[in-house]
Amino acid sequence: MSADVSLAEWLVSAVIVLGGGFALVGSWGLVRLPSLMERLHGPTKASTLGLGAMLVGSFLWFQLVEGVWTTHELLISVFLFVTAPISANMIAKVHLHRLRHGEASESGSSAGRVPSLPGGNDWATHQAPHEGTPGDFAGD
Amino acid sequence: MNRLLPHPGLSVLLVVMWVVMVNDLTFGTLFLGLLVGVLVPMFTAPWWPGRPRVRFLPAIAYLAVVLGDIVVANFQVAAIILFKPNRDLKPAWLTIPLELTSPEVITVFAGTISLTPGTVSTDVSACGKFLLVHALHAPDPATEIAKVKSRYEARLKGIFA
């Protein structure tokens, strides 16, 4: 390790370590939280700030050390922010089905049962969208 | 105007994305980007029926609020994971009544809830009037629902007016 490590390199290293730290905390959450729905929170969060910090580090490196502009990090974060909620949503929906069919249980969690809705309504994974509602595409 | 640029917002977005992806602002890049920005909305227009209008200034303000919340709430969730024992954790299901009606706007609302740490949107009701959300730590579900509604839903109603 040479003595002439620049301030920019320190800054980039700090941001990358911060990002890695958040990813590690997210993974630790996956291990220690009580049941599936709680565990889902750990990794979805690590991907936002942990990866965000690493992308900032990459951007700073090219900007301060290499002296070139890069905009790819911006694009990566946009795609990440658009796709991360969808994968979380898919896992959660599968979990709803497994709960209803008794293949999974929430026994480790104190969140209780999935709330039901008034007036014979159900959640959209279990029931087709009603006519004239936002999910009804018959008129399109 | 409507035949050539059926979706001006999408056109601008595509041009910006193209330039960002090529990472170079020259005439050639911009020209190809404009070509993509004009042609793609033209051919996909039939799949965008009755889309909501977007107001740009409130949309940018909303983006800033959400980005700030993501950073703050990430630290909160990290603190919960590291220091809160499971017996003190109060996870809860929240049923959020929706005032938004357009599917696009409800999708943005649900995506925001999933991105801001501590809450994951799980499902929408078949009647489209409720959103099912799981909260990692919500000792008082009613205040959590009120917070999400006033912070995000009210702003979204101002953007897609």
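**Close-up views of chain B**

View 1. β2(B) and β3(B) pair in the antiparallel sense over five bridges. (Strands are DSSP runs of E with at least two residues, helices are runs of H or I with at least four, and both are numbered from the N terminus; two strands pair if DSSP finds at least two bridges between them.) The model shown is predicted: local features need pLDDT of at least 70, side-chain atom pairs count only at pLDDT 80 or more, and totals for chains, interfaces and linings use all residues. Residues are numbered from 1 along each chain as its sequence is written, while chains are lettered from A and ligands numbered from 1 in the order in which they are written. Thr119(B) has Ala135(B) in β3(B) as its bridge partner. Five residues lie between the two strands of the hairpin, and Gly128(B) in the turn has a positive phi of about 75°.

View 2. (Buried: 20 or more other C-beta atoms within 10 Å of the residue's own, with C-beta atoms placed from the backbone.) In chain B, buried residues make up 30% of the 161 residues.

**View 3. The largest nonpolar core.** This core has 41 residues, and Leu94(B), Ile96(B), Phe109(B), Leu131(B), Val133(B) and Ala135(B) have the most contacts inside it. (A nonpolar core is a set of buried Ala, Val, Leu, Ile, Met, Phe, Trp, Tyr and Cys residues joined through C-beta atoms within 7 Å.) Leaving aside residues up to four places away in sequence, Phe109(B) touches Leu100(B), Tyr152(B), Glu153(B) and Leu156(B). (Two residues are in contact if their C-beta atoms, placed from the backbone, lie within 7 Å.) In soluble globular proteins, nonpolar side chains tend to be buried together.

**View 4. The side of chain B that touches chain A.** The contact takes 41 residues from chain B and 47 residues from chain A. α1 (8–22), α3 (56–83), β1 (92–97), α4 (103–115), β2 (119–124) and β3 (130–135) of chain B each supply at least two residues of this side of chain B. α3(B) gives the largest share, seven residues. By class, the side has 25 nonpolar, 14 polar and two charged residues. (Here Ala, Val, Leu, Ile, Met, Phe, Trp, Tyr, Cys and Pro count as nonpolar, Asp, Glu, Lys and Arg as charged, and the others, Gly among them, as polar.)

Technical notes. Buried ≥ 20, exposed ≤ 12 C-beta atoms within 10 Å, placed from the backbone.
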